[in-house]
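Please study the sequence and the structure before reading each solution.

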Amino acid sequence: MDIKINPGSIYKPSEDVVARDIQGELIIVPITSGIGDLEDEIFTLNETGRAIWEKLDGKNSLKEITGLIAQDFDAAPQEIETDVLGLTEELLKRGMLVEAART
Amino acid sequence: MKQPELDSEFSIIREQGFSLSNKALVQIIQEVLSRGRSVRLEVKGWSMFPCIRGKDILTVSPLDGHASYIGLPVAFTNPSSSNLVIHRVIGQRQDAFIIKGDCVSGADGVIRIKNILGVVTKVERNNRLVRFGWGKERWVITFFNKTNLFFITSRIGGRLPIFIRKFIKKLFFK
């Protein structure tokens, strides 16, 4: 499935996702067909993924998120952009993210 | 101030058979069930043997206002240890259930509704749905639970409760 991502779009976690910080680890459980599968469908994100996920809150566009993370981690926005777009695409594919608005 | 370091690439990892702590498991189950959805999880332990066994996969759903939950397995948090437990309702009051495992000698006691997470609605074993335990046979199972018959027979012979289960099944599934 091809997903077109616009850096100006704002995304937020789907209502069909439960995300919890558990002992410093971000645990994500998608609810598929009404069931949260704790046996086969638990996801975790590494530090980079987590930093991006926490900003995917329906307030900032992907472009803004890239800027914020680049600032937080003192990195070049071009380096961060690939990760932001990559993770967004991955999460959209898995139905964990929805588009909240487009700017 | 030193900047935090960032790995160059994100990773999203699908964790199969991920071992969550008991507290974490309870938090996630509560969150999912509070949205009116169900959870699917693996059983650890044998306190519901022979009806529910270790490694069975259970689907737990929110309480849906049944008139009676007697005879049904429910997931709850033990009020003293906060541990997640799945045992059978053997008595019901307006605001609490009396709960006991099928293959243990002592009851969990009176568990208030606020400690009940949900009711078991499906059991899968070796990728097959277990239909036993939701029909009229649940009253016989509850009787065996209350009278400790599964517990006693499991002490006499490890597989004896399985033969009893088969016998009950023969009575109700022709």
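Two exercises with worked solutions follow. The model is predicted: local features need pLDDT of at least 70, side-chain atom pairs count only at pLDDT 80 or more, and totals for chains, interfaces and linings use all residues. Residues are numbered from 1 along each chain as its sequence is written, chains are lettered from A and ligands numbered from 1 in the order in which they are written, and side-chain values use heavy atoms, with hydrogens and water left out.

**Exercise 1.** Determine which residue classes line the largest pocket.

Step 1. A pocket is an open set of points on a 1 Å grid over the protein atoms alone, where a 1.4 Å probe fits, with protein on both sides within 12 Å along at least five of seven lines; lining residues have an atom within 4 Å of a point.

Step 2. The largest pocket holds about 490 Å³ of space. Its lining comprises 23 residues, and those closest to the centre are B:L25, B:E42, B:V43, B:K44 and B:L84.

Step 3. The lining divides into 13 nonpolar, seven polar and three charged residues. Here Ala, Val, Leu, Ile, Met, Phe, Trp, Tyr, Cys and Pro count as nonpolar, Asp, Glu, Lys and Arg as charged, and the others, Gly among them, as polar.

**Exercise 2.** Decide whether B:I156 is buried or exposed.

Step 1. Buried means under 20% relative accessible area, exposed over 50%, and partly exposed in between (1.4 Å probe, protein chains only).

Step 2. B:I156 has a relative accessible area of 65%, so B:I156 is exposed.

How values were computed:
Grid points are joined across faces, edges and corners, and a volume is the space filled by probe spheres set on the points.
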